[in-house]
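Please open the model in a viewer and keep the selection tool at hand.

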Amino acid sequence: MINLGRGDEARIEYENAAETLGQIGDLRYAEAIQGLATVELRAGNITGAVKLYDEAVRFLEIHEGGLSSSVASVLSASGLSLVSLGKFSAGEARIERALEIQRELFGNEHPTVGVTLANLAKSAYLQRDFSRTEEVCLHALAVFESLENLTHPKAITVQMTRAGVLFQQ
């Protein structure tokens with residue numbers, strides 16, 4: 001059983017904050033909605049979490065525009081949630097959109113680009129598309145290597161994912 005801690009209380013606090021912040025149009029509304037999504041994920045309600053992520057994206061796109069790192073972050077998180085539901089196409093579309101935004105904002109050699117590539121590699125691996133997984137892993141590792149950051153937690157995850165692919169072949 002997953003330890004929900006005081007998840008019900010956290011849900012109430014996030015809901016209260018979201019209601020107040022939403023009424024005044026404060027950008028922290030999206031943070032409160034993401035907090036609610038996290039509570040839903042921990043409770044095993046992935047579908048509910050994805051709906052909340054969508055709400056946060058809509059809010060951020062209206063208030064920050066489509067090209068913001070916040071939008072990319074929420075898109076990537078919701079994409080991973082969809083991937084975990086086995087909705088690979090929809091999940092990858094969100095992750096790839098996040099990657100497009102990040103590349104436009106930061107260029108190709110940025111830690112968030114490497115992290116998002118790692119998320120794409122995870123999706124490909126779960127689909128047992130090992131050639132694509134290896135290709136994306138190598139790209140992600142090149143990003144982390146260019147930043148001299150192969151000790152980044154996601155770089156290590158990518159290395160282990162690639163090792164799993166090599167083992168399968």
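A residue counts as exposed when its relative accessible area is over 50%. The model on display is predicted.

**Stop one: E148.** Select E148, which lies in the loop between α7 and α8 (153–168). Its relative accessible area is 77%, and because this value is over 50%, E148 is classed as exposed.

**Stop two: R128.** With a relative accessible area of 56%, R128 is exposed. Phi is positive at this non-glycine residue, R128, with a value near 60°.

**Stop three: the largest nonpolar core.** Select Y29, I33, V71, V74 and L75; of the 21 residues in the largest nonpolar core, these touch the most other members. Two or more residues of this core come from each of α1 (7–24), α2 (28–42), α3 (46–64), α4 (69–84) and α5 (88–106). Which element gives the most to this core? It is α3, with seven residues.

**Stop four: around V74.** Keep V74 selected and display its contacts. Leaving aside neighbours within four places in sequence, V74 is in contact with Q34, Y53, A56, V57 and L60.

**Stop five: a second core.** Finally, select V83, V113, L117 and L120, which are among the members of a second, separate core of 14 residues. In soluble globular proteins, nonpolar side chains tend to be buried together.

Note on methods:
Residues numbered from 1 in each chain as written. Predicted model: local features only at pLDDT ≥ 70, side-chain atom pairs only at ≥ 80, totals over all residues. Heavy atoms only, no water. Buried < 20%, exposed > 50% of the residue type's maximum accessible area, 1.4 Å probe, protein only. Helix = DSSP H or I, 4+ residues; strand = E, 2+ residues; numbered from the N terminus. Core = buried A, V, L, I, M, F, W, Y, C linked by side-chain atoms within 4.5 Å. Contact = heavy atoms within 4.5 Å.
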